[in-house]
Amino acid sequence: QDIQKIHGVPDDFYEWVKDSIDLVRSGGNVSTTAPRSRTDQSQVSIVWVNEADSAEWEALPGIGGKLAARIVNYRNKLGGFYSIEQVGETYGLADSTFQKIKPYLKLSGNVKKININRADKEILRQHPYIKWNIANAIVEYRKQHGLFEKLEDLKKIGMIDEGVYAKIARYLEVE
């Protein structure tokens, strides 16, 4: 039951793993031992979301080859995940499946950044969070006002409100 008290562990996690845990008392201390039998659930490994290949994603419950490829493709188009929640944005990944795999996902590495003073419209619009109209607005603003001095200058563009800025800013830089 102590597992249920750990902050960040999903409510149903204990029910899912309780049969795979053996506790041994020795001298008043409790220590864990290897599970009596290995099930598919106990064989699930941690997946580092920014490094994992398709095979590692496929090892997760509910993830097949097609979905694994989509996750890797989406990650590559983004330039990496800055949040575990972004994995859930993958086309075709049901929220129920995402919630099931979420405890096994760990964040690592940095995201790839696009320099807004050098990138053209085509490069900008290839990013999943930057639609054509935003890419166009960034380039046109740069033509009219010169190079961006800081990333926050993007907020001077009318169609980039706080919500859009918060979503795209982690993938952009000013050099």
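**Close-up views of rings, a buried asparagine and a helix**

**View 1. Tyr82, Tyr129 and Tyr171 are joined into a cluster by ring pairs.** Rings of Phe, Tyr and Trp (its six-membered ring) pair if their centres lie within 6.5 Å; planes under 30 degrees apart are called stacked, those over 60 edge-to-face, and the rest tilted. By this rule there are four aromatic pairs. One of them, Tyr129 with Tyr171, is edge-to-face, at 5.9 Å centre to centre and 75 degrees between the planes. Tyr129 lies in the loop between α5 (121-125) and α6 (132-145), and Tyr171 in the loop between α7 (162-168) and β6 (172-173), so this pair ties together parts that are 42 residues apart in sequence. Helices (H or I, at least four residues) and strands (E, at least two) are DSSP runs, numbered from the N terminus.

A word on the model: it is predicted, so local features need pLDDT of at least 70 and side-chain atom pairs count only at pLDDT 80 or more, while totals for chains, interfaces and linings use all residues. Residues are numbered from 1 along each chain as its sequence is written, and side-chain values use heavy atoms, with hydrogens and water left out.

**View 2. Tyr141 and Phe148 form a stacked pair.** Their centres are 5.4 Å apart, with 20 degrees between the planes. Both Tyr141 and Phe148 are buried (under 20% relative accessible area; exposed is over 50%, partly exposed in between, with a 1.4 Å probe and protein chains only).

**View 3. Asn117 meets the backbone of Phe148.** Look for Asn117 in the loop between β5 (114-115) and α5. A polar atom of the Asn117 side chain lies 2.7 Å from the backbone nitrogen of Phe148. Asn117 is buried, at 10% relative accessibility. Leaving aside residues up to four places away in sequence, Asn117 touches Arg142, Leu147, Phe148, Val174 and Glu175 (contact means heavy atoms within 4.5 Å).

**View 4. Helix α3 (residues 65-78) has buried residues along one face.** Leu67, Ala68, Ile71, Val72, Tyr74, Arg75 and Leu78 are buried in α3. Seen down the axis, the buried residues fall within an arc of 160 degrees, so they line one face of the helix; the arc is that of the directions from the helix axis to the C-beta atoms. On the other side of α3, Lys66 and Asn76 are exposed. The cover over the buried residues of α3 includes α2 (54-58). After α3 comes Gly79, with a positive phi near 100 degrees.

Terms used: Polar contact = N/O pair within 3.5 Å; in protein donor to acceptor, adjacent residues only side chain to side chain.
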